[in-house]
Structures are given as structure tokens and as C-alpha cells.
Amino acid sequence: QVQLVESGGGLVQAGGSLRLSCAASGSISSINAMGWFRQAPGKQRELVAGITSGGEINYADSVKGRFTISRDNAVNTVYLQMNSLKPEDTAVYYCNADGGNQVWGQGTLVNVSS
């Protein structure tokens with residue numbers, strides 16, 4: 001099965017940048033798409049960005065122009081580059097892999113201070 005390990009979260013000032021990483025292992029060939037979701041306390045978990053095995057990308061309207069999702073197939077890793085961060089970006093960010101089953105990373109906290 002697929003396993004996902006996230007890294008890169010932390011505390012950053014408004015206007016700053018962070019890069020999240022999600023390293024996949026296991027049955028990599030079964031993955032059709034990967035994405036980043038986020039969830040703030042009391043809020044619904046929402047899709048932030050996704051990328052398919054064919055390279056199609058989509059973003060939530062709230063992050064378009066600021067966030068970039070990318071992948072490095074050589075190391076089975078997907079990234080989320082987050083620029084111009086805002087306090088409303090504060091959330092736990094979860095990596096997701098979509099294959100036969102859906103697999104979630106452990107979550108990494110992004111805390112944007114104002």
C-alpha cells in the first residue's frame with residue numbers, strides 16, 4: 001500500500017513563504033492523483049491544490065497566484081510552494097494520494113502570524 005510522509009510546516013510571518021513536501025512510498029504505480037488539503041479548527045477540510053498523473057493541475061480560488069503544486073517523480077514527492085502567505089492560510093495541511101484507495105499523510109501545521 002501507499003504511505004505518505006509530510007514535512008515543511010511551521011510558523012511564518014504574513015507575506016512569507018513555506019514549501020511543504022509529501023514523500024510517497026509503497027505502491028507508487030497505483031496513484032492516479034495527489035493533492036493538498038487543509039483544515040482549520042471549526043472549518044471543513046478543503047482541497048487546496050491537486051495534480052493528476054497526467055500533469056493536470058487545479059487550485060482553490062483562494063490560493064491561485066500564490067501557491068504552486070509540483071512533483072518530482074524521481075523521488076516520488078509532491079510539493080506545495082506557498083508564497084505571500086496570509087493569516088487565513090493557517091491550518092493543518094494534509095497530503096492525499098488517490099488510487100484504488102485514498103491515503104492521507106499525517107498532517108503538518110502551517111501557522112501564519114500577522
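The model is predicted, so to speak of local features pLDDT of at least 70 is needed, side-chain atom pairs count only at pLDDT 80 or more, and totals for chains, interfaces and linings use all residues. Residues are numbered from 1 along each chain as its sequence is written, and side-chain values use heavy atoms, without hydrogens and water.

## Exercise 1

Task: state how many helices and strands the chain has, and whether its radius of gyration agrees or disagrees with that of a compact globule.

Solution. 
1. Helices (H or I, at least four residues) and strands (E, at least two) are DSSP runs numbered from the N terminus. The chain has 0 helices and 11 strands.
2. The globule rule is 2.2 Å times the number of residues to the power 0.38, and the radius is taken over C-alpha atoms. For 114 residues a compact globule would have a radius near 13 Å; the chain has 13 Å, which agrees.
3. Along the principal axes, the C-alpha atoms fill a box of roughly 40 × 25 × 25 Å.
4. Contact means heavy atoms within 4.5 Å. Of the contacts in the chain with a separation of 6 or more, 52% are between residues 24 or more positions apart.

## Exercise 2

Task: describe the cover of strand E4 and find which strands pair with E4.

Solution. 
1. Buried means under 20% relative accessible area, exposed over 50%, and partly exposed in between (1.4 Å probe, protein chains only). In the whole chain, buried residues make up 40% of the 114 residues.
2. Two strands pair if DSSP finds at least two bridges between them. E4 pairs with strand E5 (residues 46–52) in the antiparallel sense over 6 bridges, and arginine 38 stands opposite glutamate 46 in E5.
3. E4 and E5 form a hairpin with 6 residues between them, and glycine 42 in the turn has a positive phi of about 75 degrees.
4. E4 is also joined to strand E9 (residues 91–98) by 7 bridges, and the two run antiparallel. Here methionine 34 stands opposite alanine 97.

## Exercise 3

Task: locate asparagine 32 and list what it touches, not counting residues up to four places away in sequence.

Solution. 
1. Asparagine 32 lies in the loop between strand E3 (18–25) and E4.
2. Its relative accessible area is 45%, so asparagine 32 is partly exposed.
3. With residues up to four places away left out, asparagine 32 touches Thr52, Ser53, Asp98 and Gly99.
4. Asparagine 32 and serine 114 are 82 residues apart in sequence, and their C-alpha atoms are 37 Å apart.

## Exercise 4

Solution. 
1. Most residues other than glycine have a negative phi.
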